[in-house]
Amino acid sequence: MQGSSGSPKKTAQKLEPYHVIHKLPPGDTPYVRAKHLQLVEKDAEAAIALFWKAINTGDRVDSALKDMAVVMKQQNRAEEAIEAIKSFRDRCSKQAQESLDNVLIDLYKKCGRLDEQIELLKQKLWMIYQGEAFNRKPTKTARSHGRKFQVTIQQETSRILGNLGWAYMQQTNYAAAEVVYRKAQTIDPDANKACNLGLCLIKQARYDEARSVLEDVLLQNKFCGSSDPKSRNRAQELLLEIEPWQSEQVLSSTSEISLDDCFFELMMQSSSPHRTRRLPIFEEISPFRDQLAC
């Protein structure tokens, strides 16, 4: 008697439901049909139309608004996506607001709306300061390329600071970017932010300081990502950029304002009603002070 025609693994795959194979939610609602158009048929414009229908009929509004904005960004309709989030986020749950903020930050970056990007990043830092991030949990689950992983408050803080520093750099405000990158490096240092800090120092003609930071990137295991060829190549390129200017070193001026004071003032240039309070940043964040102590 002949054996079975296929392996148990292949047989199991054939028995999996269609929505599991294509990573779709089950059902036949506007949102489900929009996801099918987005992921299977690759018809972005038709998917956007059904995401709109899902939002207007109350069908998984949290996911529909976020997914629609992402597809709009891919279709070079970022400005429209920004207005959609602003107009309909009040229909979404409290738990969805952080995720919508992250999408909005990407959209502002795409559109070059730096002032709004910076303001929203500061608001996210203020939420961490108040202990309100991650819906008051110490970690959250994130996804990247289909893989789930846990993100700590510490890692999220450093990520937001990195984005804030980059936004300041786009405004050529290298002094503010330096303060932010230095703070990020005390929380969760990595090679990419070290390279950006080095660039900030170069732009301020502080070449010896820049050299020290960039040489640290080239030391194996000094920072997370130090072994990444892309980071190492960038550090080497920046070091080569410094060489002609070594004789024109500008001494950094001393200041009576500490790093924490500078950073606090930067963050407080937002719409927070508590902007006049002067408290050490992050060291007193509750309930995560132990994770973020610098």
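This is a predicted model: local features need pLDDT of at least 70, side-chain atom pairs count only at pLDDT 80 or more; totals for chains, interfaces and linings use all residues.
K86 belongs to helix α6 and E116 to helix α8 (residues 114–129), so the pair ties together parts of the chain that are 30 residues apart in sequence.

- The side chains of E178 and R206 meet in a salt bridge with a distance of 2.7 Å from N to O.
- This pair links distant parts of the chain, since E178 sits in helix α10 (residues 174–187) while R206 sits in the loop between α11 (191–203) and α12 (207–217), 28 residues apart.
- E178 counts as buried because its relative accessibility of 9% is under the 20% cut-off.
- R206 is buried as well, with a relative accessible area of 12%.

- E215 forms a salt bridge with R211, and the closest N and O atoms of the two are 3.2 Å apart.
- An α-helix has 3.6 residues a turn, so residues three or four places apart point the same way.
- E215 and R211 are four residues apart in helix α12, so about one helical turn separates them.
- At 36% relative accessibility E215 counts as partly exposed, and R211 is partly exposed with a relative accessible area of 21%.
- Elsewhere, salt bridges that share partners join E79, K86, R113 and E116 into one network.

**Helix α4**
- Helix α4 spans residues 44–57, a run of 14 residues, and reaches 20 Å from its first C-alpha to its last, which is close to the 20 Å expected at 1.5 Å a residue.
- The buried residues of α4 are A44, A47, I48, L50, F51, A54 and I55.
- These buried residues pack against three helices, namely α3 (30–39), α5 (61–74) and α6 (78–88), and α6 is also the helix that holds K86.
- After α4 comes G58, whose phi is positive, near 75 degrees.

Conventions. Residues are numbered from 1 along each chain as its sequence is written. Side-chain values use heavy atoms; hydrogens and water are left out. Helices (H or I, at least four residues) and strands (E, at least two) are DSSP runs, numbered from the N terminus. The expected span of a helix is 1.5 Å times one less than its number of residues. Buried means under 20% relative accessible area, exposed over 50%, partly exposed in between (1.4 Å probe, protein chains only). Contact means heavy atoms within 4.5 Å. A salt bridge is a side-chain nitrogen of Lys or Arg within 4 Å of a carboxyl oxygen of Asp or Glu.
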